[in-house]
Amino acid sequence: MSGVGRGLDKVEVKLRWDPSPYGEAPRHLDIVAATYSAGDPYGRAVYVVHYESRSPDGTINMSRHSETGLGLGFVEAMVLEFDRMSPAYGRVVVGVAIHQEGGPRTFGDMANAGVLVLEGYRQLLSDDFAGVADATAATIAEFTRDASGAWELREMIRGFDSDPELFMAEMGSIRQ
C-alpha cells in the first residue's frame with residue numbers, strides 16, 4: 001500500500017464481461033497499457049502491453065487473460081508495478097479494446113462489462129462502460145509521475161471507434 005505522499009506502488013486492473021450467448025462468436029475484450037517517456041509523455045508510446053506481451057522490464061504484465069469472458073467475476077487482470085518502473089517513463093495510459101471478430105461490437109453489446117482498478121484492497125476506480133456504450137475501445141485511466149517521482153491516477157473514461165491495433169496507437173495521444 002502506498003505511504004502518505006509516496007503515490008501508487010502496485011496497481012491491478014481487472015476486467016469482467018459475460019460470455020456470448022450460445023451460437024454467437026465469442027466476445028473478447030482486452031486490457032491494454034501504453035507507456036510513454038518522461039521526456040515526451042504525449043508522443044509515441046515507448047511500448048504497449050497487451051495479452052500477447054509484457055513490458056521489457058516486467059513491471060507491467062497480464063496476470064490473467066480470457067478470450068471468452070467465461071469464469072466468475074473478473075476474468076482478466078493486468079498488474080502495473082509503478083514502484084519498480086524506470087524514471088525514464090512518466091506516463092501510462094490503460095484502456096480496454098473489443099476484438100471485432102463476428103461483426104462490429106461496442107461496449108453497449110457487452111453484458112455485465114466492467115473494470116476495476118485497485119491498489120491492494122483499496123479501490124481506485126470502477127466503471128461499467130455505460131458512458132462509452134457506442135465505443136469499440138476506451139481508455140480508462142491515466143497514470144502520471146509527478147515532479148517528486150510519485151505516481152498518480154486520473155480517471156480517463158474516453159471512448160474510441162477503432163479496432164484494437166489502431167486503438168493501441170492512438171489511445172494516449174490526446175491531452176485532456
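What follows is a chat about the strands of a predicted model.

Colleague: What should I know before reading this model?

Modeller: It is predicted, so to speak of local features we need pLDDT of at least 70, side-chain atom pairs count only at pLDDT 80 or more, and totals for chains, interfaces and linings use all residues. Residues are numbered from 1 along each chain as its sequence is written, and side-chain values use heavy atoms, with hydrogens and water left out.

Colleague: What is the average pLDDT of the protein chain?

Modeller: The average is 91, and 95% of the residues score at least 70. pLDDT is the predictor's confidence in each residue, from 0 to 100.

Colleague: Where is confidence lowest, and where highest?

Modeller: Helix 1 (residues 164-170) is lowest, at a mean of 88, and strand 7 is highest, at 98. Helices (H or I, at least four residues) and strands (E, at least two) are DSSP runs, numbered from the N terminus.

Colleague: On to the open sheet. What is its strand order?

Modeller: The five strands have the order 4-5-1-7-8, with antiparallel pairing. Two strands pair if DSSP finds at least two bridges between them.

Colleague: Which strands stand at the edges?

Modeller: Strand 4 (60-64) and strand 8 (122-127), each with a single partner strand, so one side of each has no neighbour in the sheet. On average, neighbouring strands are turned by 20 degrees against each other, direction ignored. The axes are lines fitted to C-alpha atoms, for helices over the stretch in contact, and angles run from 0 to 180 degrees between N-to-C directions.

Colleague: How many bridges join strand 1 and strand 7?

Modeller: Five, in the antiparallel sense, between residues 10-16 and residues 114-119. Leu-15 stands opposite Val-115 in strand 7.

Colleague: Now strand 6. Is it mostly covered or exposed?

Modeller: Mostly covered: 10 of the 10 residues in strand 6 (residues 89-98) are buried. Buried means under 20% relative accessible area, exposed over 50%, partly exposed in between (1.4 Å probe, protein chains only).

Colleague: Which strands pair with strand 6?

Modeller: Strand 2 (residues 29-37) pairs with strand 6 in the antiparallel sense over nine bridges, with Tyr-36 opposite Arg-91. Seven bridges join strand 6 to strand 9 (residues 137-145), also antiparallel, and there Val-94 has Ala-141 as its bridge partner.

Colleague: And Val-92, what does it touch?

Modeller: Val-92 is in strand 6 and is buried, with a relative accessible area of 0%. Its contacts (heavy atoms within 4.5 Å) include Ala-34, Ile-60, Phe-82, Phe-143 and Trp-151, not counting residues up to four places away in sequence.
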